[in-house]
Amino acid sequence: MSISTKERTELRSELNNVGYKWDYVDSWPAKTTLYRHRAQKNPQGEIVSDVGTSVSGVPGAPSYVRNKSRQGLLAWPPSETCECPWCTKARQEKNIDNSEEIKSVSGRRKGSMGPHFNADS
Ligand SMILES: [Zn+2]
C-alpha cells in the first residue's frame, strides 16, 4: 500500500494535531491499542462505551488510526495532561463547575460570619 505525498502530509498534520508523534506516519506499529477519549453513546443518549475503555489488537496503520481518532479513539489513555479535543473540552467543563462551587461556598461562609460573629464580646 502506498499513499501520495499530499495524503501523507495531511495524515501527518491531522494525527499530530490530536497528539500523535510527528513521525507516526513514518514508523507505526502493525497492531496497537486504542483508548476512548470520548464516550460512545447509543441513539438514546446512553453511554455504551465509556471514556478510558481500551480496544486492543487494532491495526496501527496511519489512515486507520486517523479515522478512529475522529471518533475519539487514540493510542494512549485519556489523562489530565492529554491535549486531544475531547480531554481539553472535558477539563474546561470541569473547571467551570469547580469555579462555581468555590464561589457559592465562600458566599455562604461570608454570610454566616456576618453580624453574629462578634455577638458575645
Ligand atoms: Zn484525550
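Axes here are lines fitted to C-alpha atoms, for helices over the stretch in contact, and angles run from 0 to 180 degrees between N-to-C directions. This is a predicted model, so to speak of local features takes a pLDDT of at least 70, side-chain atom pairs count only at pLDDT 80 or more, and totals for chains, interfaces and linings use all residues. Numbering starts from 1 along each chain, as its sequence is written.

**View 1. The whole protein, element by element.** The protein has 3 helices and 5 strands, where helices (H or I, at least four residues) and strands (E, at least two) are DSSP runs numbered from the N terminus. Among contacts with a separation of 6 or more, 61% come from residues 24 or more positions apart; a contact has the two C-beta atoms, placed from the backbone, within 7 Å.

**View 2. The buried side of helix H2.** H2 covers residues 62-69, and Pro62, Val65 and Ser69 in it are buried. They sit on the same side of H2, because they cover an arc of only 65° around the axis, taken over the directions from the helix axis to the C-beta atoms. As a reminder, an α-helix has 3.6 residues a turn, so residues three or four places apart point the same way. The buried residues of H2 pack against helix H1 (5-18) and strand S5 (73-74).

**View 3. H1 against H2.** The two helices, H1 and H2, pack at about 45° with their axes 10 Å apart. That makes H1 oblique to H2; under 35 degrees would be roughly parallel, over 145 roughly antiparallel, 65 to 115 roughly perpendicular, and the rest is oblique. From H1, Leu11, Glu14, Leu15 and Val18 meet Pro62, Ser63, Val65, Arg66 and Ser69 of H2. The residues of this contact split into 5 nonpolar, 2 polar and 2 charged (nonpolar: Ala, Val, Leu, Ile, Met, Phe, Trp, Tyr, Cys and Pro; charged: Asp, Glu, Lys and Arg; polar: the others, Gly among them).

**View 4. Pro59 in strand S4.** Pro59 belongs to S4, residues 54-59. With 14 other C-beta atoms within 10 Å, Pro59 is partly exposed. Ala30 is 29 residues from Pro59 in sequence, yet their C-alpha atoms are 5.8 Å apart. Neighbours within four places in sequence aside, Pro59 is in contact with Lys31 and Tyr64.

Methods
A residue is buried if 20 or more other C-beta atoms lie within 10 Å of its own, exposed if 12 or fewer, and partly exposed in between; C-beta atoms are placed from the backbone.
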